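Visitor: I would like to go through this model with you step by step, beginning with a single residue and ending with the whole chain. Please show it to me.

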Amino acid sequence: MELVSVLVATLAAFASGAAYYGALADPWMAASGVERDAEGKPKGGQTPAIFAIAFLCQLTVAGMMRHVFTLSGIETLGAGFLAGLGIGLFFITPWIALNNLYSLRPRMLTIIDGGYAALSCAIMGLILTLF
């Protein structure tokens with residue numbers, strides 16, 4: 001059952017990313033410096049490999065969160081949500097900020113990407129405690 005919860009959590013986080021970045025596409029592309037083609041889409045296109053690797057990265061996070069939750073006794077929906085939110089806000093977002101700081105990226109990029117890290121990890125945490 002743990003494998004199922006990890007897969008469902010990954011799918012939910014991946015889907016939330018589509019909605020989140022779909023809604024914030026313009027400010028994200030401006031902050032990240034991604035060049036656009038005439039249709040407003042990223043130049044060079046987005047290959048299926050990008051999405052496959054992104055899914056595998058999220059699968060890795062969900063799997064490790066499941067492991068940490070098991071070791072920590074996190075079993076309730078509220079605890080899963082808060083633990084996931086904390087992982088997104090206090091582990092992943094600071095690392096994003098660190099990378100963006102050293103690469104001289106705009107603060108807005110950290111806010112947008114950090115917001116997604118917090119949201120997706122909270123969703124993962126909630127789902128991981130459902131099963």
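Visitor: In which helix does threonine 93 lie?

Guide: Before I answer, note that this is a predicted model, in which local features need pLDDT of at least 70 and side-chain atom pairs count only at pLDDT 80 or more, while totals for chains, interfaces and linings use all residues. Residues are numbered from 1 along each chain as its sequence is written, and side-chain values use heavy atoms, with hydrogens and water left out. Helices are DSSP runs of H or I of at least four residues, and strands are runs of E of at least two, numbered from the N terminus. The run that spans residues 77-102 contains threonine 93, and that run is helix α4.

Visitor: Is threonine 93 buried or exposed?

Guide: Buried means under 20% relative accessible area, exposed over 50%, and partly exposed in between, with a 1.4 Å probe and protein chains only. Because its relative accessibility is 15%, threonine 93 counts as buried.

Visitor: Which residues is threonine 93 in contact with, leaving aside its neighbours within four places in sequence?

Guide: Contact means heavy atoms within 4.5 Å. With those sequence neighbours left aside, the partners of threonine 93 are Gly88, Gly114 and Ala117.

Visitor: How many disulfides does a search of the whole structure find?

Guide: A disulfide is a pair of cysteine sulfur atoms within 2.5 Å. The cysteine sulfur closest to that of cysteine 57 belongs to cysteine 121 and is 12 Å away, which is too far for a bond. For the whole structure, the number of disulfides found is zero.

Visitor: What pattern does the protein chain follow along the sequence?

Guide: The protein chain has five helices and zero strands. Read along the sequence, its pattern is therefore written with helices, numbered from the N terminus: α-α-α-α-α.

Visitor: What is the radius of gyration of the protein chain?

Guide: The radius is taken over C-alpha atoms, and the globule rule is 2.2 Å times the number of residues to the power 0.38. For 131 residues, a compact globule would have a radius near 14 Å, and the value for the protein chain, which agrees, is 16 Å.
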